[in-house]
Structures are given as C-alpha cells and as structure tokens.
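Subject: Handing over a structure

Dear colleague,

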Amino acid sequence: MNDNEKTNSPHINWYPGHMAKARRLMEEQLKLVDIIIELRDARIPAASANPILKELSRNKPVLIILNKADLSDEEANKAWKKEFEHCLIVDSLSENLTKKVTDEVKLILKDKLEKAKAKGIRKKVLRAMVVGIPNVGKSTFINNIVRKKVAKAENRPGVTKSLQWIRINEDVELLDTPGVLWPKLENQDDARLLALIGSINDDVLDKEDLVYFALNYLKEHYPGLLKKRYEIDESEDDLLEAIARKKLWLSSENEINREKAVDLLLKDIRSSRIGRICWQDVGE
Ligand code: G4P
C-alpha cells in the first residue's frame, strides 16, 4: 500500500522515492540555520503548509511569510497574520522586502543576539533558510531580498545544489537556494485548494468538481462577486450552468459546453481576475 492509499488522499504519487532523501537533506540544512522562513500562499495559508516542517524545524523559530498577499483579500490576510507567532504579509513582486524581513528576523532572534553579545561575540550574523512548497514564490522572494537573481531551486524536494550563503546585510545571511517541500495532500480538501491556485496539477482531480466547489465557496464567502463578474443571479441552483448560459458557452444543440466553461472559469479563478480571494477561513 502506498502513502496515498493509506491516507485516502487523491492519487498523486508525490515524488516517489524522493521523500526520505528530501527529508534527510532538509533536516541537515535546517541544522545550520538560526531561523526558518516558511513561505505560504496567502490565498490558502493552511493548505500551503508542509506537514512535517514542524518536526524538522526542531523548535527553531519559524517566520511565516504570507506571500502573494496581493492576490488574497486584505481582511483575510490580517486575520490570518494573527494566527501565527511570527508572520509577515508580503507581495514579493512589488514590495521592497530587504528591510522588512531582516528587521523581523532580528526582532525574533533578539534574545539570541543579546546572548551572543554577552559572550563577547560582537557581531553575530544570523542565518536563515527559505522553505516552501513548489510555486509559492520562494525564488521571487529571495531575489527580492537579496536584490539580485539567484538560481531557482528545482521544484522537486531534495534537489538542491551545494550550499552557499548570501549576505543580505551586516546582520543576516541566507542560503542561496530555497528548500522545496511537498505540500499537504493528506485530504481531498487541501488537494482541492492547492489545485485551485494552480499549485498542483489539476488532472489528478475532477476539474468540474473543483469549479463547483469554487463557485459555491464564492457565493457563500464573497456574495455579489459572481453576480458582478458574470451578471448572473447567484441564487440559481447550478451556478456553472447559469454562467455558461450567460456567457454563451454553448454547443450547437444549445447545451452548455461544460469542458469550455470549466476551463475558462478555472482560468479566471487562477488569474485572480475574479477578485482577491482567500480560499480558507481562519481556524479551518
Ligand atoms: P518557487 O520558487 O517557489 O517555485 O516560485 P517562483 O518564485 O518561481 O514563483 C512562482 C510564480 O509566482 C511566478 O509567476 C511568480 O512571479 C509568482 N509570484 C511570486 N511571488 C508573488 C507575489 O507575491 N505576488 C504575485 N502576484 N505573484 C507572485 P510566473 O513566473 O508567472 O510563474 P507561473 O505563474 O507560470 O507559475
């Protein structure tokens, strides 16, 4: 029996054979750092976590970065931030992050810095490592804080090049390649959310099911949004059908073209043209 069958998750055979190796490698690398910077996707802050990072981090402080905050809703960003001990809301594409991140790292490690000072170490350089699931924005984030292009880690857990540190400023240095972790796929809900933001391939899931899930979620959590975007009556039983009819995504027999409707709606959802959406409630 494989892992997927045991946990009743969708049939994604996640990097077969690499898990144990990836885990060992990550564990080794994490031993070298003072702090872990874990990137999450602000649209799915819980589902974009890695299930075993807590165990691997061995009680090291973790700074959670809610990345792609520009794509999620502002109220939700603020609510989620409160859930974590250390957390920053971040847009790696347009913010300048060097000071914001290094100040936060120094604040979190204030005690460590003071202890080093008491021992006579005048200038301790803090070491950090960026980790996260594929496509969460690790390379973009690192390029932003180091202000130059660093190599993109291969998006497979366990595949990294040899260790090199990049000094960000006089206080903090960073491992130049991020650690790629596999996402949580223990249950169908997490997999669905990861597919919704385009983090995992959707051909492992029923795409129509995914769209219905998204439309019902939007109707419930963002009332009025679908009405505004597609000019439909949100109280319709079948929202997919209502949108497809309105947009004339029809076959020659005047039936709705399901495949087209599903693909176009998924595209709209993923590109965030539909609006800034957070797909997970705090506490879920
Ligand atoms: P990774 O190293 O974790 O795999 O992620 P990477 O930096 O390559 O970023 C993945 C995609 O996410 C990139 O889009 C990148 O521009 C985008 N991205 C990263 N941070 C942010 C952010 O804060 N806000 C927004 N809106 N986008 C962000 P891409 O190059 O278009 O790749 P893709 O969409 O084709 O995957």
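Predicted model: local features only at pLDDT ≥ 70, side-chain atom pairs only at ≥ 80, totals over all residues.

Residues are numbered from 1 along each chain as its sequence is written, and side-chain values use heavy atoms, with hydrogens and water left out.

The chain as a whole

The protein chain has 12 helices and seven strands, where helices (H or I, at least four residues) and strands (E, at least two) are DSSP runs numbered from the N terminus. Of its 284 residues, 50% are buried; buried means under 20% relative accessible area, exposed means over 50%, and partly exposed lies in between (1.4 Å probe, protein chains only). The accessible surface of the chain comes to about 14600 Å², and carbon and sulfur atoms account for 47% of that surface, the areas coming from the Shrake-Rupley method with a 1.4 Å probe, with only the protein chains shown counting as cover for residues. If we take the contacts (heavy atoms within 4.5 Å) between residues at least 6 apart in sequence, 66% of them join residues at least 24 apart.

Helix H12

Helix H12 covers residues 258-270, and its 13 residues should span 18 Å at 1.5 Å a residue, which agrees with the 18 Å between its end C-alpha atoms; the expected span is 1.5 Å times one less than the number of residues. Which residues of H12 are buried? They are Ala-261, Val-262, Leu-265, Leu-266, Asp-268 and Ile-269. These residues cover an arc of only 160° around the axis, and therefore they lie on the same side of H12, the arc being that of the directions from the helix axis to the C-beta atoms. Glu-259 and Lys-267, by contrast, are exposed on the other side of H12. The cover over the buried residues of H12 includes H8, helix H9 (207-221), helix H10 (225-230) and helix H11 (239-246). Just after H12, Ser-272 takes a positive phi of about 65°.

Aromatic rings

A pair of aromatic rings is described by the distance of the centres and the angle of the planes. Rings of Phe, Tyr and Trp (its six-membered ring) pair if their centres lie within 6.5 Å, and planes under 30 degrees apart count as stacked, over 60 as edge-to-face and the rest as tilted. A search of the whole structure finds three aromatic pairs. In one of them, the rings of Phe-213 and Tyr-217 have centres 6.3 Å apart and planes at 35°, so this pair is tilted. Phe-213 and Tyr-217 are four residues apart in helix H9, which means that about one helical turn separates them. Phe-213 is partly exposed, at 22% relative accessible area, whereas Tyr-217 is buried, at 8%. Tyr-217 also forms a tilted pair with Trp-279, with 5.3 Å from centre to centre and 40° between the planes. Because Tyr-217 lies in helix H9 and Trp-279 in the segment after H12, this pair ties together parts that are 62 residues apart in sequence. Trp-279 is itself buried, at 4% relative accessibility, and ring pairs link Phe-213, Tyr-217 and Trp-279 into a cluster.

The charged end of Arg-192 sits over the ring of Phe-213, 4.1 Å from its centre, and the charged end of Arg-127 sits over the ring of Trp-165, 3.8 Å from its centre. A charge sits over a ring if NZ of Lys or CZ of Arg is within 6 Å of the ring centre and within 35 degrees of the ring normal.

Two further residues

Leu-175 lies in strand S6 and is buried, with a relative accessible area of 1%. Not counting residues up to four places away in sequence, Leu-175 touches Gln-29, Ala-128, Met-129, Ile-142, Leu-163, Gln-164 and Trp-165.

Trp-182 is found in the loop between strand S7 (179-180) and helix H8 (188-196), and is buried, at 7% relative accessible area. The C-alpha atoms of Trp-182 and Asn-50 are separated by 6.4 Å, although these residues are 132 residues apart along the chain.
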